[in-house]
Structures are given as structure tokens and as C-alpha cells.
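The questions below take them in turn.

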Amino acid sequence: MLSRRRVLEGTVAISAGCVLPGLSAGATELAAARPDRAVFLGLSRALTGFDDLNEELAAHFMTYLAERDPERWRALMSRLRTLDASGDAHAGPATIKALEASEDLWALAKEITGLWYSGWTQAGDEVPQAIRAEGYREALAWRVLALTPRGVAPGRLWQQAED
Amino acid sequence: MEQFDVVIVGAGVAGGLTADALAQRGHRVLVLEAGPDEQDRDALREIYFATPQKGFDSPYRNPAQAPKPTRTPVNDYYVQKGPAQFGSTYERRVGGTTWHWHGLTPRLMPADFRMRSTYGVGLDWPISYDDLEPWYLAAEHEMGVTGDSADDHGSPRSGDFPYPAQRQSALDLAIKAALRGKRVRDVELDVTAHRAARNPEICQGSGSCMPLCPTGAKYEAVTHLNRARAMGAVVRPKSVASRIVVTENGDVSSILYKTWDGEERAVAGKVFVLAANAMETPRLLLLSAAAGGPPVANRSGQVGRNLMDHPLQLSFAVAADPFTLYTGPQSTSVIKAFRDGPWRRSEAAFRIEIFNTGGGAFGGPDRAVARLIDQGLTGTALRAALADAAGRELLLVGEAEQLPDPENRIVLSASERDGLGLPRPEIHYAYDDYTTRGLAAIREVQGFVFDQMGASRVFHLPQILGSGHIMGTTRMGDDPASSVVNTDLQCHDHPNLFIVGSGVYPTGATANPTLTIAAFALRLADHLHKGRLR
Ligand SMILES: Cc1cc2nc3c(=O)[nH]c(=O)nc-3n(C[C@H](O)[C@H](O)[C@H](O)COP(=O)(O)OP(=O)(O)OC[C@H]3O[C@@H](n4cnc5c(N)ncnc54)[C@H](O)[C@@H]3O)c2cc1C
Ligand code: SF4
């Protein structure tokens with residue numbers, strides 16, 4: 001199991017040093033102080049269309065992504081801070097549009113969306129096993145379909161259910 | 001040497017039902033099982049959930065000492081010599097392949113036993129449907145099968161099913177409505193509920209019969225193995241039978257088996273029953289001869305030959321309107337109209353299963369998710385598009401008949417060995433014109449069904465898959481020159497050696513094989529109890 005603490009400490013440490021150009025000193029400070037988790041959740045909400053995302057899982061995804069490719073992760077975090085300097089945790093369509101402009105960051109954003117929707121992605125063999133099980137159970141695809149995940153009994157008999 | 005009344009090799013449904021029926025009658029039973037005994041359903045489910053690309057074999061490990069063929073991904077346990085790839089797999093563990101089976105339990109039809117005399121192809125079985133009928137009924141009750149007792153599906157019945165028919169899905173009913181009164185290839189199509197070993201008083205439609213039932217509603221052979229244990233039977237996991245020892249008078253004196261540590265042990269019995277499935281049973285017979293002894297049960301030269309499957313043709317399409325998919329038993333209905341008819345003179349019969357799974361039969365709608373994300377969708381647009389797309393993913397699975405061909409066979413690999421040093425199965429396999437024509441007919445009918453539904457973007461998977469229905473490799477017959485066992489499942493060459501499983505089927509027909517395996521197991525136990533074990 002991953003330690004969530006390690007995740008947050010690690011990722012904050014990674015991005016703490018970035019001061020982004022073009023921002024007022026105050027906004028920069030505010031943005032830099034905002035934990036990565038809030039930034040990541042803000043982006044995740046915009047990408048997935050769900051507001052109430054599982055924060056534990058978010059922490060796991062962050063650790064995974066940050067450890068797998070620290071440079072790209074840092075680039076994403078600092079880009080998001082530039083775009084969303086107000087510190088309000090809701091990334092919006094403008095953020096998405098801006099990410100689309102960067103091939104690298106857009107690919108990462110797509111992967112984040114995939115992680116939330118399926119619990120894994122094509123690159124997913126690398127996703128640690130504990131995350132994948134939780135990621136599958138919590139996969140947003142099931143919420144979209146209003147179903148329990150395949151393999152989880154929904155709590156009523158099939159014989160009496162209505163489609 | 002340890003001594004039992006009955007030594008059974010293989011703890012699947014064949015071995016489990018035989019063991020249970022004999023232990024209930026007071027016989028001392030040992031079941032040797034190559035694989036582990038791991039029944040912790042929750043732990044298995046965690047492994048399944050954590051597997052990225054989910055398949056029907058995801059939860060079950062593949063130990064070097066009792067390796068198995070796998071489908072997702074395809075591994076190299078079989079040494080495939082082609083020209084076609086043999087796609088069917090199994091589990092090696094206490095409970096065998098019923099851990100991941102689908103639970104469908106049709107009976108064979110009377111004509112399936114008389115292919116040569118009715119249609120001039122294949123061969124007749126040395127027993128008839130009527131001989132097996134009482135055992136079918138007993139097996140349906142042992143396994144807890146659902147079905148409408150008033151509708152025999154062309155297989156006459158002497159009694160009722162223990163449970164009523166399972167509820168058909170909304171998709172099934174929509175297809176039924178679309179096909180009402182429609183004919184294709186001059187046959188009227190029907191959509192009826194499967195017979196299935198899924199207890200409707202427990203089944204919650206969790207959609208994971210393959211690979212694992214979370215509620216225990218689906219029949220699994222561990223039910224009978226655990227019950228046999230409670231009656232005193234010994235089920236010994238991690239014990240790989242490696243040689244059958246035959247005396248000069250033809251009787252089997254003992255079976256040698258290897259523990260996972262590589263230690264060799266021997267066990268004696270009055271009667272020996274091979275129930276290691278239609279791949280591993282012939283492998284064991286061939287291993288016994290290869291170990292330096294005389295050929296075992298192979299005077300006919302038929303051991304390992306006539307390998308059959310029900311080759312699968314998958315067809316996908318996009319429905320005109322979305323359904324609730326990705327839930328419910330993976331398939332609840334069958335189109336059975338092509339199981340028997342005059343076309344069997346020249347082309348394979350087949351069944352069509354309607355899948356409730358959407359395109360991702362074993363996990364979530366990952367393909368649709370990946371496609372929509374790739375198109376750049378995010379947020380509420382992504383949510384709406386996924387809800388729509390996943391509900392339109394149609395899947396029909398046609399299962400074709402295959403005739404026995406002695407050149408389709410399993411032999412021992414001369415070069416490749418498993419973790420205990422035993423030669424792995426080498427497979428020679430092809431589809432003949434009979435089956436190829438049947439597969440083309442499946443595409444035609446599945447395309448017709450989609451058309452009637454107003455579905456679009458029909459896609460027939462070019463790759464033909466295996467159904468998991470391995471049959472024919474130790475065939476039953478009256479003539480010792482052309483068959484391995486007689487109608488009592490007794491090896492022609494060895495009076496106290498019996499084989500139970502789909503290996504004994506002379507022809508494959510279109511029924512999923514396991515109910516027939518179960519019927520044979522109950523019949524064999526009765527025969528042994530009244531005969532050699534008396
Ligand atoms: C995905 C899938 C879905 C299926 N769905 C259906 C279905 O819906 N309906 C149906 O009728 N059938 C279905 N089947 C087929 C069904 O699972 C088999 O017909 C059935 O389980 C075979 O039972 P068995 O006892 O003969 O063999 P198995 O269940 O394979 O058991 C044989 C046992 O023997 C053991 N063994 C092998 N070698 C040795 C050795 N040397 N020493 C000791 N032990 C040994 C194995 O480890 C194994 O546990 C499906 C198969 C698959 C793969
Ligand atoms: S649908 Fe679910 S609960 Fe029902 S038999 Fe299959 S796996 Fe078990």
C-alpha cells in the first residue's frame with residue numbers, strides 16, 4: 001500500500017521551487033502555496049465532469065504519475081498554477097483549452113481522465129496493483145452507467161431486477 | 001503404499017461429482033489435484049479487480065508446477081503447431097475450470113448422438129440420448145439448473161428443472177421482438193433463456209460469472225469437493241499425477257504423482273478415474289507410456305486425437321438505441337434454432353449467445369472510454385457520450401460444431417517441459433470445411449440479427465477464438481480398435497481404469513459440454529458403486 005502522506009509531501013516538495021513568470025508576486029505566492037492535491041483535483045474535476053472525486057484515489061494517482069515521470073508532472077503542475085493563479089480549485093474550460101495546446105501535457109491530461117474512468121490506462125501495467133483494484137472499484141465509468149462494477153453484487157436479485 | 005478404494009485424478013466438476021457420489025456411498029476416495037486449493041473468494045476478486053486488461057482467467061495464478069494455458073494474455077503453455085491456434089483454456093486448481101466457467105448447461109439433442117446415421121457425417125455415439133436422460137436430470141438437480149420445464153429445447157425431459165428459467169435481459173427481449181416471425185437461411189429464429197447453473201434465489205447479476213461469482217450463485221465444483229471432504233474423501237492439492245502404472249494383466253496398480261517440491265509418491269487403489277479434462281487426461285496417458293512403460297489405454301492409437309472445440313465467431317455492432325449493458329449474467333439468452341437441422345449434412349450446426357456485457361465482456365467499458373478520451377472529450381460531454389456509447393455495444397457469440405478429425409490432436413512436446421520437467425502438450429489443429437462453412441453461416445445469421453435490430457457498424461472478429469470446450473481426445477466407442485473407453489467409461493485396455501470428462505465425446509455437437517460431463521460422472525459413480533466397488 002502507498003502512504004498517502006508520502007504522496008503529498010513528495011509532490012509538494014517537487015513543485016515548491018517553481019516560480020512562474022508573468023504572475024504578480026501575491027498570486028504566485030498563493031498559487032505556489034496551494035497544495036498539488038487541490039490543483040490536481042481541480043483539473044480532474046474539469047476533465048471528468050465529476051465534482052465529488054475520491055481524494056484518497058487522487059493521492060494515489062498523483063504519486064504514481066509524479067514518480068513515473070517527475071519532469072512531466074512538474075511541468076503539468078506549474079502550467080496549471082499559471083493558468084489558475086487565483087487559487088480557486090476549479091480548473092475550467094480555459095484550462096483544458098490551454099492544456100490541449102501542449103501535446104505533452106494534453107497526453108498526460110488524457111491519461112489522468114483514463115485513470116479516473118477505468119482505474120488503468122493502456123500504460124496501466126505500471127500502475128501499482130493496490131491502486132488498480134481501488135481504481136477499478138471506483139472507476140467513474142460505473143457511475144456514468146449507474147451500475148456497481150462488474151464483479152460487485154448490486155444488492156438485489158437479478159430475477160427481480162428491472163433493466 | 002497408501003491405498004484407497006478409488007483414486008481420482010483431477011478436482012474439477014468431473015472429479016468432484018464422482019468423488020462426492022462415491023464418498024456419499026461410503027467408499028474411500030482420494031482426489032489428486034495438480035493445482036492449489038485456494039477458495040478465498042475475496043482475495044481472488046482483489047486480484048481480478050487489480051488486473052488491468054481483464055479476462056476470464058485473471059484471478060487465478062499460474063504456478064510453474066501445474067501450469068495452464070491462459071487467454072489474457074495468451075501464453076505459451078501449449079506448443080502450438082497450427083495451422084490454426086487452439087484457443088481453449090482451463091484452470092488447474094481445486095474446483096478446476098468451473099471457477100471461471102459461464103455456467104450454461106444445455107443438454108445434447110437426440111440427433112447429436114446419431115450424426116453418422118442421421119446426417120452421414122462424424123460418427124454415432126455408442127449410447128443414445130435416452131440412455132443419458134435420467135443422468136441429465138440428476139445432474140441438473142446436483143448443479144442447480146434454471147429452465148422452463150415446459151419447453152424442452154428439443155431434448156425430451158423426464159422431470160422438472162430445480163429452478164425456473166432465469167430472467168431474460170431487456171436486450172434479449174428487444175432482440176426477440178425484432179426477430180419475431182423472421183426467417184433466415186429458411187429457419188425461424190427464437191430467443192430463449194439459457195439453461196444455466198446459476199441459483200436465481202442468490203444471483204444478483206453481478207456480470208462476472210466469467211471469471212468469478214461473488215455470491216456463490218453460480219455452480220462451482222468446489223461445492224461437491226468440499227462436500228466429499230466432509231464425507232471423508234481426501235482431496236490432495238499440489239499433487240501432479242505423472243504416471244499410471246499398469247501390471248501385466250492390464251490392471252492399473254498405482255498412480256505416481258509429484259508434489260510441488262518434486263518429490264515422487266505412489267498411491268494404490270481398486271479403481272482409478274482420470275478426470276483431468278480433455279487436454280490433461282490424454283497428456284497423462286501419453287506421459288505414462290513415455291516414462292518407459294507400455295502404452296496406456298492406447299491400443300487404438302486414439303489417445304490425444306479427435307481434439308474438438310466449439311470455435312467462436314464474435315460479431316459486434318452498434319445498437320440504434322442504448323440498452324442497460326455491463327450488468328446481469330454475461331449472457332442470459334440463446335438463439336438455438338441452428339443447433340439441429342438438415343444443413344448438418346454439409347456444415348456445422350451452431351448456437352448463438354446474446355451478450356449483456358457490451359464490448360468489454362470481463363471488465364468495464366474501457367474501449368469506449370479510451371476512444372472517447374482520445375477524441376478529446378472531457379467533462380459532462382464525456383459523461384454523456386460514454387453513457388450513450390456503452391449502452392449501444394452489441395456482442396453476439398456464435399459457437400460452431402466441429403467434427404472429429406484424427407489429425408487434430410495433442411501429443412507430448414519433444415522439447416518443451418513444465419516446471420516439474422513433464423513434457424508440455426503440443427497441439428496440431430485445423431478447421432475443416434464443415435466448420436468453416438458453419439462459421440460463415442454464423443456471420444450471416446449474426447449480421448441478420450443486427451440488421452433486424454437496426455444496428456449499424458457490424459464487425460465480425462476475424463480471429464476465431466476457443467470456447468473452453470475441449471472434447472474428443474479419449475473417445476468412447478464399442479470397438480477397442482477405434483476408441484479408448486467403452487460405454488461404461490472403462491478403458492478397453494485396463495479393467496480398473498476409467499475416464500470421465502468431455503474427452504470421451506465421440507462428436508462435439510453444440511451443447512456446452514459440462515452438463516453432459518456431470519451426467520457422465522453421476523452415471524460412472526453409480527456404475528462403480530454397483531459394480532467394481534461392491
Ligand atoms: C471461459 C470459459 C467458459 C466456459 N463456460 C462454460 C459454460 O457456460 N458451460 C459449459 O458447459 N462449459 C463451459 N466451459 C467449459 C467448462 O469449464 C469445462 O467443460 C469443465 O469445467 C470441465 O470440467 P472437468 O472437471 O472435466 O475439467 P477441469 O475443470 O478442467 O478440471 C480438471 C482438473 O484436473 C486437474 N489436473 C490436470 N492434470 C492433472 C494431473 N496430472 N494431476 C492431477 N490433477 C490434474 C486440473 O488441475 C484441474 O483442476 C467454459 C470454459 C471456459 C474456459
Ligand atoms: S451474474 Fe454474478 S451473481 Fe449471478 S451467477 Fe453470475 S457471477 Fe454469480
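What follows is a set of questions and answers about a predicted model.

Q: How do you know which residue and chain a name refers to, and which parts of the model are used?
A: Residues are numbered from 1 along each chain as its sequence is written, while chains are lettered from A and ligands numbered from 1 in the order in which they are written. Because this is a predicted model, local features need pLDDT of at least 70 and side-chain atom pairs count only at pLDDT 80 or more, whereas totals for chains, interfaces and linings use all residues; side-chain values use heavy atoms, with hydrogens and water left out.

Q: Why is strand β13 of chain B called largely enclosed by the rest of the structure?
A: Buried means under 20% relative accessible area, against over 50% for exposed and partly exposed in between, with a 1.4 Å probe and protein chains only. Six of the six residues of β13(B), residues 350–355, are buried, and the strand is therefore largely enclosed. Phe350(B), Ile352(B) and Ile354(B) point one way and Arg351(B), Glu353(B) and Phe355(B) the other way, all of them buried. In a regular strand, side chains alternate between the two faces of the sheet.

Q: How many residues does each chain bring to the contact between chain B and chain A?
A: Contact means heavy atoms within 4.5 Å, and it takes 53 residues from chain B and 40 residues from chain A. The buried area, which is the accessible area (1.4 Å probe) that two parts lose on being put together, summed over both, is about 3,800 Å², with carbon and sulfur atoms giving 59%. In chain B, Phe49(B), Arg167(B) and Gln204(B) lose the most area to chain A, together 19% of what that side buries.

Q: What secondary structure does chain A have?
A: Chain A has nine helices and zero strands, and of its 163 residues 48% count as buried.

Terms used. Helices (H or I, at least four residues) and strands (E, at least two) are DSSP runs, numbered from the N terminus.
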